[in-house]
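Trainee: Please take one part of this chain and go through it closely. I would like to follow how its residues are placed, and then how it sits in the rest of the chain.

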Amino acid sequence: MLRILQRIVEAVNQAPDFDLALQTMVRQVKEALHTDSCTVYLADHEQQQFALAATDGLEIRSDKPIHVPFGEGVISLAASREEPLNIANASDHPAFLKLEHVIEDRYKAMLAAPVIHRRRVLGVLAVQQEQARAFTRDEEAFVVTLAAQLAVVIAHAEAKGLLRTAKQSPWLQTIKGLPAAPGVAIGEAFVVKPPARLSEVTPKRSDMPEHEIRAFRAAVARTRQELLNISDSMKGQVADETLAIFDVYHAMMDSASLGKEVEQTINDGWRAQTALKLVVEQLVNQFENLDDEYIRERASDVRDLGNRILAHLQNREARRFNPPAQCILVADEVTATMLAELPQADIIGMVSLRGSGNSHAAIMARSMGIPAVLGVDDMQLSDVNGETLIVDGYNGDVFVSPPLQVENEYRQLADEELALRQKVMQARDLPAETTDGVRVQLNLNVGLNTERDWLNDLNVHGVGLYRTEIPFMMRERLPTEDEQEELYSQVLEQFRGAPVVMRTLDVGGDKPLPYLPMDEENPFLGWRGIRMTLDHPEIFLVQIRAMLRASMGRNNLRILLPMISSAEEVDEAVRMIHQAYHEVAEELQCSVDEQLFEPQIGVMIEVPALIYQLHCVADKVDFFSVGTNDLTQYMLAVDRNNSRVASLYDAFHPAVLHALKQIIERCDQLNKPVSVCGELAGEPGGALLLLAMGYRNFSMNSYNIDRIRWIIRHISAADLDEVLQRALASRSPQEVKQHVIMALENAGLGGFVRAGG
């Protein structure tokens, strides 16, 4: 049976068009099961009916389309119950429906299996036989398995616009992805592919290692210059913060591990191209297996860098793009460098089949004000090149070749979006204060190089979260105390006069260091964050010493401890911080006259257990910071990076909201300041709910600062209590969001949660 199933699926996938694919399937299924009929019905949700799409066995006596209304017949019953129906004599079944113009009186036995893709019924696969009998379990399992395979075929056909009915002309193709940068864009799709692909390299040996190493080094040098040219061309076009993305690329090339591993692989007898492929693909696999979404998205950067070096190894000429005016950039994986290479005036939107909101391409798109949708896995590049696209960066929708009325509607929304964006910028120099006088502190979450001067432009209170793990993950060894001090000094100096909250090393378990073995069956609940650093005091103390040395004369350092789950962990961490402080103070006493200030110490609230131990920790620290991303993940027992359950991850879940409310209430009782540094603070609806709960300190990515400031300045904190109560009484995240959207709409702020204002 398995061999037959594979043969059918292969034949369907190789069919040149969708209709022929369906006809091939019904014919081969009929032959494989020795049944008298096999039929596929496709769901038309707009018309509330099933359309007979292909059959081998049913006698049709009409040229008109055959339909089964939703709610009628065995076909609808199988779809509504979302399970197969195995009926020995269908004509005797209460749900049996005799179809007009269809001759099927001689068929008795019927097996109908729903075709479901991502919880959505796309159709029904039915087999029938003249003999009255129940189909065997093996036959039923075969049809159910085939229906699951058919679901993917239909979903892809739907995405391509191949499903049309007489009443749906033209059929509106809507492809769903992940909203990565807000806004609306309408333009011609411009598909871009990398000049070279490591995946296409055929492994080959070489007995000339010196020659291959010289070629590799020359390719790296040309790539470095290419990136410098791209970065220089972007100056003045995007925020300086965004340009720091290119520092990550240079850091990867500066990393001794990349070049050393490639050259070692060459010395093992491989050609330079093969060695590059092997090393880069290994690094990509390491990054893609990480839990932290921000770090995991660096796999895209590694792959992009590898492809660029490969292009120079293959002596490919530099690409000269000639995109059409006002176009939508579409690629299998849009990268920051790809986006930067294109004429900025021509790119008005972006669609990437891979990636997420934390990719560097998404960060750059937000900085450039380009609406973007990523993770569009139901799109074929060859099907959209040159087609008109609508990109809805609010909802993650992409419309292919939309009807004129839909296009006109979105053009109006795009005009409203532009006006809203210009309006928001006008409040940048104003405080984040509600209409009834409630002041909110807005801070930055940063993880890239911050050498450039963009603090004054953003008008923020300081840095609410600085991720220190990047330098550790970009090396083949632990960074020295001096190397860390230099990096931290740049950050603290950049934000001199403003608080900078530095999170101690948050790696381990799901974010392994390449030079520190970590092999766990369940890394999400494993050796990570403070657990790892407490087990390695030599790593923790060196990092704290580097932070303290960097803070000399600046007095703006705050230290934040991640993944705390017990008071004992705080005791040990604070003890070591005090130890490091006294060591550094003693070492610098005779050579430096400036006073070494003891930094404030904070704890991240992201492990649910800590919520019930805040009273045990409060007297040991100076502040708390809520990491809503991990808190949500742990509270809901959902790995948000697992596509099978990612839809269950939602920070608007009522249980998460109750936990957040309990945290702020407890912190107020303990008289301890608390901030929110997770993604929820940067969400318009999330900011409203947090403000209603009593939070007054938000930290977020730079692209959300202006939007959240504007929202805060146009609402009354006193009016939010009713919204919060309704949200807390809700049964689902969707219900919560409806209440929040209504509140934003009533305040005239609907444009922040949907296209248009």
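Mentor: In helix α29, the buried residues are Pro733, Val736, Val740, Ala743 and Leu744. Buried means under 20% relative accessible area, exposed over 50%, and partly exposed in between, with a 1.4 Å probe and protein chains only. These five residues cover an arc of only 100° around the axis, which puts them on the same side of α29. The arc is that of the directions from the helix axis to the C-beta atoms. An α-helix has 3.6 residues a turn, so residues three or four places apart point the same way. On the other side of α29, Gln738 and Asn746 are exposed.

This is a predicted model, in which local features need pLDDT of at least 70 and side-chain atom pairs count only at pLDDT 80 or more, while totals for chains, interfaces and linings use all residues. Residues are numbered from 1 along each chain as its sequence is written, and side-chain values use heavy atoms, with hydrogens and water left out.

Next, the length. Helix α29 has 14 residues, 733-746, and at 1.5 Å a residue should span 20 Å; its end C-alpha atoms are 20 Å apart, which agrees. The expected span is 1.5 Å times one less than the number of residues. Helices (H or I, at least four residues) and strands (E, at least two) are DSSP runs, numbered from the N terminus. After α29 comes Gly748, with a positive phi near 75°.

Now the neighbours. The buried residues of α29 pack against α25 (654-670), α26 (684-693), α27 (702-713) and α28 (721-728).

As for the rest of the chain, it holds 29 helices and 24 strands. Of its 757 residues, 57% are buried. Among contacts (heavy atoms within 4.5 Å) with a separation of 6 or more, 67% are between residues 24 or more positions apart.

Side chains of opposite charge can pair when their charged atoms come close. A salt bridge is a side-chain nitrogen of Lys or Arg within 4 Å of a carboxyl oxygen of Asp or Glu, and the count by this rule is 32. One of them joins Glu263 and Arg217 at 2.8 Å, N to O. This pair links distant parts of the chain, with Glu263 in helix α8 (residues 256-267) and Arg217 in helix α5 (residues 209-234), 46 residues apart. Glu263 counts as buried because its relative accessibility is 17%.
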